[in-house]
Structure formats: C-alpha cells, structure tokens
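Please look over this structure before you read on. The briefing below covers a sheet, a helix residue and a chain interface.

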Amino acid sequence: MAEARTQTPLEVAPQTEVMTINIGPHHPATHGVLRLVVDLEGEIVRELRPVIGYVHTGIEKSCEDKSYWKVIPFVERMDYVSYFFQMEAYCGAVERLVGLEIPPRARYLRTLFLELNRIHSHLVWLGTTALDLGAISMLWYCFRERDKILDLFEMATGQRMHTRYFQVGGVIEDIPLGFEEKLREFIADMPVRVGQYQALLDRNEIFLSRTKGTGIVPRERLLELGVTGPLLRAAGEPWDLRKAFDYLAYPEMEFKIPVGTVGDNYDRYRVRLAEMVESVRIIEQALDGLPEGPHIADDRKYVLPPRSELSTSMESLIHHFKLVTEGFRVPPGELYYSIECPRGELGCFVVADGSSKPARVHFRDPSFVNLQAFRDMAVDTYVADMIASLGMLDPILGGVDR
Amino acid sequence: MPDAPGLELIRGEIEQDHPGAVLDTGFEHEQAYLAVDPGQLLAVLTWLRDAPGQGYRFLSSLHAADYLPAEPRFAVHYELLNRDRVERIRVKALLADPAAGDGNAQSLPEIDSCVELFPTAEFQEREVFDFFGIVFRGHPDLTRILLPEDYVGWPQRRDFPVGGEPVTFTFNERNYG
C-alpha cells in the first residue's frame with residue numbers, strides 16, 4: 001500500500017439512469033435506526049440524504065417535567081453507548097449553575113469512569129465497524145473486552161449500562177473493595193489487546209483497501225460543518241476539549257492527543273485505537289493519584305445525607321425528605337457546559353428558572369452534528385465506501401434523535 | 001472567554017458599524033454573552049467571525065429556549081468558539097412571539113438563517129424550527145427533522161403540555177376510537 005492516499009475523483013463510464021434507493025431505517029450497517037435516501041448511478045453515490053428521528057423520544061421535553069436529580073437517568077439514555085459522558089455533561093452543568101464544588105476524589109473517580117466509558121464506546125465502534133467491513137471476528141474480540149468494562153461498571157455501580165453513578169455533587173458511592181485490583185488487571189491487559197486488534201486489521205488487505213483513501217473530507221470543511229472528536233483529529237487538527245478546557249482531573253493528567261494526517265477512514269481508525277491507549281494511561285494516572293476523602297460534596301442542600309445519619313439526626317431527615325420529594329432549587333440562570341465525548345464535543349445547555357425543575361435541557365450531541373459531514377464523505381464514492389465511512393463516522397442514533 | 005473590558009470593547013466596535021445591534025452584554029456563571037437585535041444578527045455573527053482579532057469561527061452549538069412568561073419570549077443561542085484563544089462567547093437573539101401580538105396562533109417568530117456563515121447550523125436550525133416553531137429565513141431546507149413531517153405543534157414550547165399527545169395503538173383505535 002505505497003500509493004498516495006489522496007482521493008481522486010472516480011472516472012466511470014457515464015450511466016444513463018440515476019436510481020434512488022432507500023437504505024434503512026433497519027439496515028444492519030446503519031448502526032441504529034438511520035435511514036439513508038441515496039441516489040445511485042451504477043454503484044456510485046451521487047446524492048445522499050440522511051433521514052433521522054426514528055428513535056426520537058422527547059427526552060429534552062421530559063426533562064423539563066422532572067426535578068433536577070431525576071433528570072440524570074433520562075439523559076443517560078440519549079447516547080446509550082457513552083452514558084457516563086451524558087451524566088457528566090448534565091451534572092457538571094447543574095453543579096456550575098448552583099456553584100457546587102465537587103471533592104477531589106469525585107473528580108478523579110469521574111475522570112476514571114469517563115475514560116473507561118471512552119474505551120467501551122470505542123470498542124463498540126471498532127467491533128461493529130470491522131463487522132461491516134467483513135472482519136467478523138473483531139466483534140467477538142472487542143465485545144470480550146467490552147464485557148470486562150461492563151463487569152467493572154457493575155461492580156462499582158450495580159448496573160452494566162445506564163449506571164446513574166454520577167450525582168450532582170460527586171458520585172453516588174465510593175468504589176468497592178477489590179475494584180482497584182480488577183481495574184489494574186484490565187488496564188494491564190488493554191494495551192496488549194489494542195495491539196492484537198491492530199495486528200488483525202493493519203495487515204488485512206481487505207480492511208486496508210476499504211479504509212485507505214476513502215471518505216476524505218478536508219479539515220477546513222470539517223470545521224465549517226462543526227465536526228469534532230476523532231473525525232476532526234484524524235484530519236490533523238489536534239482539538240480536544242480535555243486539553244482546551246479545564247474540567248475534572250484532566251489538567252492533572254498527562255496524555256497525548258493522537259492525530260491523523262490524511263483524514264481518511266484509515267486515519268479515523270488509527271486515531272481511535274491510539275485514543276484507547278491514551279485512555280488507559282489516564283485511568284492508570286487517575287488510579288495512582290486517587291485522593292482520599294469524600295466521594296460526594298457535603299452540601300446538604302443539594303446532596304443526600306448519608307443513610308446512617310437519618311436515624312440520629314432530625315436535620316438530616318428533613319434534608320433527606322426535602323431532597324427526595326421536591327428536589328433542590330437552582331437559582332435562575334443559564335449555562336453551556338461542554339466535554340469531550342468519544343464522538344466529539346458533547347454540550348449541555350441548561351436554563352434554570354429558580355424552581356426545582358429545569359426550564360430547558362438541551363444536548364448538543366456530537367453524533368447529530370457530525371452526521372452532517374456524511375454527505376461530504378460519501379458523495380461520489382462507491383456504496384461500499386459509504387458503508388465504511390458511516391462506520392467510521394460512528395453515529396449513535398439514540399444521541400442523534402434524543 | 002473575553003473578560004469584562006474585552007466584552008465592552010467588542011460591543012463598542014460592533015456598535016460603530018451597526019448601531020443598535022447589541023442590546024446587552026454580561027456574564028452569566030463566568031460565561032460571556034451578547035444579547036443582539038435579531039434583525040442585525042447576521043451582521044454581528046459575521047463581525048465576530050471575520051473581524052481581525054476576533055475569529056470566533058467555530059459554531060459549537062445552536063439552540064433555542066422558551067422563556068415564557070418573560071418578554072420577549074424566545075431566544076436563539078449561538079455558542080461561538082475561538083479555537084486559537086480557547087474563548088467562548090454566547091450570542092443571544094431574543095425573539096418576541098408574534099402570535100401574542102396579532103392574536104393569530106399561526107404566526108411564527110422569524111430570524112435570519114446563519115447557514116451561509118456556519119454550515120453546521122443546518123441541522124441545528126431545523127431542530128429549533130421543529131421544536132420551537134422559529135422560522136429561519138433563508139435556510140435551504142427548513143423542514144421538520146426529528147418529528148414526523150405531518151406533526152402539528154411545537155413541542156418544546158413551555159405551553160405545550162408533557163404527555164399532551166395521545167398514543168394511538170390500533171387496539172385502542174378499534175375499541176375506543
């Protein structure tokens with residue numbers, strides 16, 4: 001594969017007929033309930049229109065009818081592969097609205113779980129995308145490691161998915177005994193596994209020829225389209241909110257931002273694999289530097305008192321009752337808080353009107369915005385390249401439709 | 001984020017070319033915002049994007065909110081980002097509800113589309129139209145994006161009830177319809 005990896009316009013014999021084909025909403029290669037209306041000239045995609053909204057469940061509207069702490073499980077279910085990120089975006093926004101500082105241990109635990117979730121999300125992406133490209137065994141290998149992460153989630157939070165682990169003020173409970181050991185086992189294992197995935201795919205002729213030089217979108221165009229995350233970094237733009245903005249424990253962590261050079265599907269694959277290794281490094285540092293202390297803030301106006309206090313302290317009982325029945329009130333204001341999710345910038349915009357329910361919760365979901373670049377990636381390429389590009393775009397339709 | 005004098009400077013420079021464009025500036029939870037006259041929105045956005053020394057070239061997010069019962073009722077927010085200086089600024093265009101003025105429930109608030117300036121706004125403006133009924137003048141394809149095309153109503157408005165829509169199952173239709 002020594003030839004230049006730049007995209008050349010395809011020269012095909014003129015076809016007379018353009019055929020409009022509907023792909024989805026339930027096609028397995030669409031990774032969710034995405035429908036594509038594609039104009040085909042022979043096997044070349046000439047025009048493409050994504051049709052979305054099939055799993056729209058009105059989560060943003062429902063959030064307006066729930067007290068602040070009850071919104072957390074709702075928002076988790078938007079992008080169902082990166083649920084910790086949704087929780088962090090929402091809880092972080094509410095904490096900033098009420099001016100609540102979270103304790104250092106909670107910052108580190110959140111960082112740790114976010115990075116575990118990033119690996120989990122990238123594993124789901126790698127397994128399903130390689131499956132689309134014909135490398136079926138990758139799915140089983142990736143889901144083997146993913147299951148280990150889910151085991152860790154279950155151990156710490158009681159749930160494998162949609163954990164509701166992050167709370168306004170910190171995390172709901174400390175990591176259990178034995179968690180650290182299991183996690184260390186996992187982080188020792190993970191870089192080796194990433195190497196194995198690379199060994200399987202990097203010398204796979206089919207995989208290489210289907211990813212190299214396909215789906216290129218210039219960096220400037222990606223920025224115009226608001227694309228963020230691995231897609232943008234694969235085009236050579238080292239933009240990562242973990243470095244750019246100061247949130248959680250990321251300023252104290254040492255990690256690199258992997259970038260690509262050409263911006264084709266192969267670079268997108270390489271960037272994500274490298275990100276997994278960087279995430280492992282962050283987890284390791286977070287675990288080594290995990291500060292002692294409380295795992296949740298000690299502000300009884302926003303955080304539930306410990307269970308043990310309820311039988312001895314009347315005040316705690318009142319706080320508990322107040323928080324569980326009415327919830328806490330947030331002073332009027334609005335705020336946009338953004339974090340780096342596995343797919344790019346995940347922003348949460350919350351408007352508070354002084355009551356115990358948010359007046360507006362909006363999520364700027366990276367899948368939704370990045371999907372706009374799909375037309376640029378796929379038009380004037382083969383249908384098969386379109387499938388590869390869609391996989392590398394990695395949209396989660398739960399996040400797109402909300 | 002520009003600091004307070006920086007924000008006033010921005011305001012002053014915009015006012016020089018476009019008097020009356022900026023209605024208010026301020027900080028909310030350490031985030032700078034400019035409240036602008038919706039009629040001159042595009043002028044302000046263009047200035048923030050292209051004026052030397054500004055360079056807010058990246059539109060992170062575009063969203064709307066309904067501040068009922070406040071007046072003006074709606075606002076469209078543009079979260080602009082300068083990636084070189086890592087500064088965010090929020091441009092807020094407040095829109096009155098024309099239906100409250102002329103009594104015609106069909107009339108919708110209108111604002112200029114910024115798709116020409118920021119192509120990323122295309123989906124997001126459609127989303128705002130879909131949920132709030134805010135019309136973006138000049139948008140290439142202003143149709144509903146997440147809701148069905150034949151949907152009636154603007155569900156993210158605060159006066160639209162949660163659960164206000166009956167779920168129609170064939171069983172219910174047959175027996176109780």
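In what sense do strand β2 (residues 35-41) of chain A and β3(A) pair, and over how many bridges? They pair in the antiparallel sense, over 7 bridges. This is a predicted model: local features need pLDDT of at least 70, side-chain atom pairs count only at pLDDT 80 or more, and totals for chains, interfaces and linings use all residues. Residues are numbered from 1 along each chain as its sequence is written, while chains are lettered from A and ligands numbered from 1 in the order written.

**Sheet**
- Strands β1-β2-β3 of chain A form, in that order, an open sheet of 3 strands with antiparallel pairing (strands pair if DSSP finds at least two bridges between them).
- β1 (19-23) and β3 (44-51) of chain A are the edge strands, each pairing on one side only.
- L36(A) has P50(A), in β3(A), as its bridge partner.
- Helices (H or I, at least four residues) and strands (E, at least two) are DSSP runs, numbered from the N terminus.

**V383(A)**
- V383(A) sits in helix α15 (residues 383-393) of chain A.
- It counts as partly exposed because it has 15 C-beta neighbours inside 10 Å (buried is 20 or more, exposed 12 or fewer, partly exposed in between; C-beta atoms are placed from the backbone).
- Leaving aside neighbours within four places in sequence, V383(A) is in contact with L40(A), E43(A) and V45(A) (contact: C-beta atoms, placed from the backbone, within 7 Å).

**Interface**
- In chain A, 33 residues are in contact with 23 residues of chain B.
- β6(A) gives the largest share of chain A's side, 5 residues.

Key: Contact = placed C-beta atoms within 7 Å.
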